[in-house]
Amino acid sequence: MFFFSGNGVLKYFGLLLFVYILVYIVFLIRRVLFSKPKITLEADHVISMKHRRYDASQIECIYINYRRIGFKMYGKRIVPMDLCFYFKRDQETAGVEAVHEWAARNDKEIKYKFFQTLA
C-alpha cells in the first residue's frame, strides 16, 4: 500500500514526469544541433526542408547574408524558415554557385543583405 499512499503516488508521478521532460528536452536539443537544413533546387521549383514545393514564379528574390541564404516569396516581408538555409563550409563555394545558376535560369535577383525569418 506504500505506492498508493499520498507521498508514494506523488513521488513516483513526479519522478516519471521529470524523466519524461528531461528526455524530451534532450531530444529537442539533439534535433536542433545535429540536423542540417536541407533544400533542393530543381529546374523550375524549390523543395523546402518541410518537403513543400515552391514554384519559381512564387519566389521574388534570393537573399544572401554572409553564409545564410533565403528565398523571399512574393507578397511576404519575411523569409519563411523552411526556405532559409546555409551550406557547410566545405560545400559553400559549390552551393552558392548552384544558387546563382538557379537564379539565372529562373530570372531571379540575388540581393546581398540582411533578412529576417519567421519560425
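Contact is taken here to mean heavy atoms within 4.5 Å, and on this basis asparagine 65 touches Lys113, Phe114 and Phe115 when residues up to four places away in sequence are not counted. The structure is a predicted model, in which local features need pLDDT of at least 70 and side-chain atom pairs count only at pLDDT 80 or more, whereas totals for chains, interfaces and linings use all residues. Residues are numbered from 1 along each chain as its sequence is written, and side-chain values use heavy atoms, with hydrogens and water left out.

Asparagine 65 has its place in strand S4, where helices (H or I, at least four residues) and strands (E, at least two) are DSSP runs numbered from the N terminus. With a relative accessibility of 16%, asparagine 65 counts as buried; the term means under 20% relative accessible area, with exposed meaning over 50% and partly exposed in between (1.4 Å probe, protein chains only). Burial extends along the strand, for six of the seven residues of S4 are buried, so S4 is largely enclosed by the rest of the structure.

Strands of a sheet pair through backbone hydrogen bonds, either parallel or antiparallel. S4 and S5 run antiparallel and are joined by six bridges, with cysteine 61 standing opposite lysine 72 in S5. Two residues lie between the strands in the hairpin of S4 and S5, and in this hairpin tyrosine 66 takes a positive phi near 60 degrees. S4 also runs parallel to strand S8 (residues 109-112), to which four bridges join it, and the bridge partner of isoleucine 62 in S8 is isoleucine 110. Elsewhere, three strands form an open antiparallel sheet in the order S1-S2-S3, of which strand S1 (40-41) and strand S3 (53-55) are the edge strands, each pairing on one side only. Strand S2 (residues 45-47) is joined to S3 by three bridges, and valine 46 has tyrosine 54 as its bridge partner in S3.

The nonpolar interior was described in terms of cores, a nonpolar core being a set of buried Ala, Val, Leu, Ile, Met, Phe, Trp, Tyr and Cys residues joined through side-chain atoms within 4.5 Å. The largest nonpolar core has 17 residues, and those with the most contacts inside it are Val46, Ile62, Ile69, Phe71, Leu83, Phe85 and Trp102. Two or more residues are given to this core by each of strand S4 (59-65), strand S5 (68-73) and helix H2 (92-105). A second, separate core of five residues includes Tyr63, Val79, Cys84 and Phe115. Isoleucine 69, which lies in strand S5, is buried, with a relative accessible area of 1%. When neighbours within four places in sequence are left aside, the contacts of isoleucine 69 include Ile62, Tyr63, Leu83, Cys84, Val96 and Phe115. The C-alpha atoms of isoleucine 69 and cysteine 84 are separated by 5.6 Å, although these residues are 15 residues apart along the chain.

A search of the whole structure finds four aromatic pairs, for which rings of Phe, Tyr and Trp (its six-membered ring) must have centres within 6.5 Å, planes under 30 degrees apart counting as stacked, over 60 as edge-to-face and the rest as tilted. Tyrosine 63 and phenylalanine 115 form a stacked pair, with 5.7 Å centre to centre and 20 degrees between the planes. Because tyrosine 63 lies in strand S4 and phenylalanine 115 in the loop between S8 and strand S9 (117-118), the pair ties together parts that are 52 residues apart in sequence. Tyrosine 63 counts as buried at 8% relative accessibility, and phenylalanine 115 counts as buried at 3%. The rings of phenylalanine 71 and phenylalanine 85, with centres 6.0 Å apart and planes at 15 degrees, are likewise stacked. Phe71, Phe85, Phe87 and Trp102 form one aromatic cluster. The charged end of arginine 68 sits over the ring of phenylalanine 115, 4.2 Å from its centre, the criterion being NZ of Lys or CZ of Arg within 6 Å of the ring centre and within 35 degrees of the ring normal.

Finally, zero disulfides are found in a search of the whole structure, a disulfide being a pair of cysteine sulfur atoms within 2.5 Å. Cysteine 61 counts as buried at 1% relative accessibility, as does cysteine 84 at 8%.

Conventions: Pairing = 2+ DSSP bridges.
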